[in-house]
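Here are my notes for a colleague who is opening this entry for the first time. Please read them beside the structure.

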Amino acid sequence: MTDSPPDLVFDLDGTLIDSAPDLHAALNRLMETRGRRMLDLSEVIPMIGDGVPMLVRRALEATGGVPDDYDEILKQYLAIYGAAVADLTTPFPGVVETLEALQRAGHRMAVCTNKPAAASHAILEALGLAGFFSAVAGGDSLPVRKPDAGHLLGALDMLGSAPERAIMIGDSHNDIQVAINAAVRSIAVSYGYRRQPVQELGADIIVDNFADIPAALARLNGAG
């Protein structure tokens with residue numbers, strides 16, 4: 001290990017950005033074209049985190065079932081969402097200021113998300129976050145996605161990093177499990193989109209606010 005700051009890999013939805021409003025709006029536009037009932041935001045939030053195909057499948061299951069033309073419906077959703085990826089999406093509180101501080105401190109940073117790469121890049125650009133990240137590994141960037149270790153390892157390869165000098169930061173099971181699978185240390189945020197208590201994820205440290213991450217990094221480094 002060197003004395004340089006650890007490399008940081010962030011989840012996107014539920015960690016850096018509150019994207020649920022745009023995902024919810026796009027799903028309801030899709031449901032309207034299919035004559036389905038509208039979904040509540042509270043229904044959609046637990047559906048997020050396993051990539052777009054699973055999000056659409058869960059929405060269809062919740063509104064009457066998955067029809068035979070699912071592949072066409074998925075393409076339709078991607079077009080709807082792709083046209084409005086950042087209309088309602090915002091960074092979580094403290095994200096911009098904390099990323100600025102982490103960048104000044106010398107951390108190299110990447111994103112590892114199950115969201116498609118094109119949408120991820122578009123959102124990061126629209127929200128003024130793209131300049132913080134040297135690599136973005138989307139859900140379609142590699143043959144595998146979180147929680148498969150290969151997704152995080154691929155992101156680290158893109159960053160020119162390695163598991164022993166990296167820390168994964170996320171809000172959900174997929175984020176912390178991919179870190180465990182890749183032998184990478186992890187920080188879980190207690191907000192975001194998950195389907196189980198944050199204490200059950202197995203993260204090395206839990207923080208309640210994004211602004212708490214620098215202090216958590218200091219604790220992890222102090223623990224060696």
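Predicted model: local features only at pLDDT ≥ 70, side-chain atom pairs only at ≥ 80, totals over all residues.

1. Six strands form an open sheet in the order β5-β4-β1-β6-β7-β8, and their pairing is parallel. At the edges lie β5 (135-137) and β8 (205-207), each of which pairs on one side only. On average, neighbouring strands of this sheet are turned by 25° against each other, direction ignored.

2. Strand β7, residues 185-189, pairs with β8 in the parallel sense over three bridges. Isoleucine 187 has isoleucine 205, in β8, as its bridge partner. As a general point, strands of a sheet pair through backbone hydrogen bonds.

3. Now helix α8, residues 173-181. Its buried residues are Asn174, Asp175, Ile176, Val178 and Ala179. The cover over these buried residues includes helix α7 (149-159) as well as strands β6 (166-170) and β7. Just after α8, alanine 183 has a positive phi of about 60°.

4. Is alanine 149 buried or exposed? This residue belongs to helix α7. Alanine 149 counts as buried because its relative accessible area is 16%, and the cut-off for buried is under 20%.

5. What does alanine 149 touch, leaving aside residues up to four places away in sequence? The contacts are Val178, Asn181 and Ala182. Val178 is also one of the buried residues of α8. Between the C-alpha atoms of alanine 149 and valine 184 the separation is 9.6 Å, and these two residues are 35 residues apart along the chain.

Conventions:
Residues numbered from 1 in each chain as written. Heavy atoms only, no water. Pairing = 2+ DSSP bridges. Helix = DSSP H or I, 4+ residues; strand = E, 2+ residues; numbered from the N terminus. Axes fitted to C-alpha atoms, helices over the stretch in contact; angles between N-to-C directions. Buried < 20%, exposed > 50% of the residue type's maximum accessible area, 1.4 Å probe, protein only. Contact = heavy atoms within 4.5 Å.
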